[in-house]
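Okay, thanks for making time, everyone.

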Amino acid sequence: MSIFFYIVGSLLAAAPLIAGIILKIRPPKNINGIYGFRTKLSASSKEAWVYSQKICADGLLIYSIPELLLWGAVLALSIIYLRGYGSVSYTHLRAHETSAH
């Protein structure tokens, strides 16, 4: 596997955690079209906006935990696989050819 796979996979796995932390620390104060969890219902009132930002941040943080654990397992298994099978020598498969002649 290439290092690109590990980097992109790690960034994608960490994205919900980063987004959840940002929304938790600095939730958008006003209803806007750029930053925050935006739906028609969340933009219907200031109270709905504040509530939806809190719920979205909590949901992202909760969702990111199993995702990061799963990605960590994928990384660990791929490293174990590459360590065990990454440097296989195929010379033993030709041993019977040299001994017969």
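So, contacts to begin with: of those in the chain with a separation of 6 or more, 54% are between residues 24 or more positions apart. Contact here means heavy atoms within 4.5 Å.

Some housekeeping before I go on. This is a predicted model, so local features need pLDDT of at least 70 and side-chain atom pairs count only at pLDDT 80 or more, while totals for chains, interfaces and linings use all residues. Residues are numbered from 1 along each chain as its sequence is written, and side-chain values use heavy atoms, with hydrogens and water left out.

How confident is the predictor? The chain averages a pLDDT of 85, and 81% of the residues score at least 70; pLDDT is the predictor's confidence in each residue, from 0 to 100. Helix H1 has the highest confidence, a mean of 91, and helix H3 (residues 95-100) the lowest, at 58.

On to the fold. We've got three helices and zero strands, in the order α-α-α along the sequence. Those are DSSP runs numbered from the N terminus: helices are H or I with at least four residues, strands are E with at least two.

Now the surface. The chain exposes about 7900 Å², and carbon and sulfur atoms supply 72% of that; areas come from Shrake-Rupley with a 1.4 Å probe, and for residues only the protein chains shown count as cover. Buried residues are 18% of the 101 in the chain, where buried is under 20% relative accessible area, exposed is over 50%, and partly exposed is in between (1.4 Å probe, protein chains only).

Look at Ile3, in helix H1 (residues 3-25). Ile3 is exposed, at 61% relative accessible area. Together with Ile7 and Leu11, Ile3 makes a nonpolar surface patch of about 330 Å² accessible area. Patch residues have over 30% relative accessible area and no salt bridge; like charges are joined within 9 Å, nonpolar side chains (Val, Leu, Ile, Met, Phe, Trp, Tyr) within 5 Å.

A salt bridge is a Lys or Arg side-chain nitrogen within 4 Å of an Asp or Glu carboxyl oxygen. Lys24 and Asp58 have their closest N and O atoms 2.4 Å apart. Lys24 sits in H1 and Asp58 in H2 (residues 46-85), so the pair ties together parts 34 residues apart in sequence. Lys54 also bridges to Asp58, at 3.1 Å from N to O. Those two are four residues apart in helix H2, about one helical turn.
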